[in-house]
Amino acid sequence: MSEKVSLLLITVLVVEGIAVAQKPPDGQNVGVRHVAGTQCGIWVRTSNGGHFASPSYPDPYPPNKECIYVLEAAPRQRIELAFEEHFYLEPSFECRFDHLEVRDGPFGFSPLIERFCGVKSPPLIRSTGRFMWVKFSSDEELEGMGFRAKYSFIPDPEFTYLGGILSPIPDCQFELSGADGVVRSSQVEQEEKTKPGQAVDCIWTIRATPRAKIYLRFLDYQMEHSNECKRNFVAVYDGSSAIENLKAKFCSTVANDVMLKTGVGVVRMWADEGSRLSRFRMLFTSFVEPPCTGSTFFCHSNMCINNSLVCNGVQNCAYPWDENHCKVRGPALYPLSHTG
């Protein structure tokens, strides 16, 4: 077959899985959206997924078309794409001519899953993340029936325990507030929030002083099963426990400092039944941004902390400016040698 060159009409359609439940401006039923199909076929969206097809399906698709479909699932979900049995795109070696291209991500340069053409319907396809990029292309000759695909959103198995919804043990919750303090996993056992051998799934809510933000620094941290986030982790949320406010998640051998942008922080610890030796202690410090007032100390790191925290035996600044050049130093309130 001779090389085929054509001018392609490009139509880009974008589906956002997290927005389909919003009320459409034209007053149609909530949860069901119909995307105009004059160029690239009819596209129906629902809160659980949707379906789309090649132009004119099941009649032959027109020549010289390029249609790009970008599917997006909600956070902590993946995409499952299934094709109807009736499928026909012009057969060719390596699908060089009419074809359907599927990529694992939101872009045309995302990892290629496969190119499809011919008479055999593609198998079930699953993304590894929230996005899937699909492109349909036709040249100027030998059109066919085309395709119809249905997609749905499924839970991301990487978050079997995290779930995407913060749902800890109902009575395993703690509240802390003030200029500084310590979040510690040992509190769970000391207050008998869980039974021996039971999984730990607890949260700590931290509230800064008025108009302040929160700086978090680990004093002690150890995951019994390093790099196995499904088994144990410490997660930090900024502002609320909503999943979109997830700031950091630690499950390896190192846990870094965290600077929050709000005055409310939420810390969550998960450890399954075989990871009960996992532990952590975390210092929280309330701070405001410069210029510093007379009642605060400048940390030389875009932080102003309460004067009461200076020379108290604890490093509350991101760098130890508050504990340098102290004539009188308070006792170490949160010694590093203590295990959580």
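**Reading the features one by one**

Guide: Happy to, and let us begin with the cysteines: the count of disulfides comes to six. Please keep in mind that this is a predicted model.

Visitor: What is a disulfide?

Guide: A disulfide is a covalent bond between the sulfur atoms of two cysteines. Here, C172 and C202 form one, with their sulfur atoms 1.7 Å apart. The torsion about their S-S bond is about 90°, so this disulfide is right-handed.

Visitor: Where in the chain do C172 and C202 lie?

Guide: C172 lies in the loop between β11 (148-155) and β12 (173-177), while C202 is in strand β14 (residues 200-207), so the pair ties together parts that are 30 residues apart in sequence. C172 is buried, with a relative accessible area of 0%, and C202 is buried with a value of 0% as well.

Visitor: Which cysteine is joined to C229?

Guide: That is C251, with an S to S distance of 1.8 Å. C229 lies in the loop between β15 and β16 (232-238) and C251 in the loop between β17 (246-250) and β18, so parts that are 22 residues apart in sequence are tied together. C229 counts as partly exposed, at 27% relative accessibility, whereas C251 counts as buried, at 8%.

Visitor: Is the link of C292 and C304 right-handed or left-handed?

Guide: With -80° about the S-S bond, the link of C292 and C304 is left-handed. C292 sits in the loop between β20 and β21 and C304 in strand β22, twelve residues apart. The sulfur atoms of this disulfide are 1.9 Å apart. C292 is partly exposed, with a relative accessible area of 28%, and C304 counts as buried at 2%.

Visitor: Let us turn to the rings. How is a pair of aromatic rings described?

Guide: Two things are used: the distance of the centres and the angle of the planes. A search of this whole structure finds 14 aromatic pairs. In one of them, the ring centres of F83 and F87 are 6.2 Å apart and the planes are at 85°, so the pair is edge-to-face. The cut-off behind that word is a plane angle over 60 degrees.

Visitor: Are F83 and F87 buried or exposed?

Guide: F83 is buried, with a relative accessible area of 12%, and F87 is buried too, with 4%. For another edge-to-face example, look at F218 and Y221, which are 5.5 Å centre to centre with 70° between the planes. F218 counts as buried at 12% relative accessibility, and Y221 is buried with a relative accessible area of 14%.

Visitor: Which residues form one aromatic cluster?

Guide: The cluster is made of F52, Y61, Y69, F83, F87, F136, F147, Y151 and F153, so you meet F83 and F87 again there.

Visitor: Now the strands. How do strands of a sheet pair?

Guide: Strands of a sheet pair through backbone hydrogen bonds, either parallel or antiparallel. In this structure, an open sheet of four strands has the order β13-β20-β15-β18, with antiparallel pairing. Its edge strands, β13 (180-184) and β18 (258-259), each pair on one side only.

Visitor: How many bridges join β15 to β20?

Guide: Nine bridges join strand β15 (residues 213-222) to β20, and the two run antiparallel. To find your place along them, look for K213, which stands opposite F287 in β20.

Visitor: What is phi of S56?

Guide: Phi of S56 is near 75°, a positive value in a residue other than glycine. S56 lies in the loop between β4 and β5 and counts as partly exposed, at 43% relative accessibility. H325 also has a positive phi, near 60°. H325 is found in the segment after β22 (304-306) and counts as exposed, at 81%.

Methods. Residues numbered from 1 in each chain as written. Predicted model: local features only at pLDDT ≥ 70, side-chain atom pairs only at ≥ 80, totals over all residues. Heavy atoms only, no water. Phe/Tyr/Trp six-rings, centres within 6.5 Å; stacked < 30°, edge-to-face > 60°. Buried < 20%, exposed > 50% of the residue type's maximum accessible area, 1.4 Å probe, protein only. Pairing = 2+ DSSP bridges. Disulfide = S-S within 2.5 Å.
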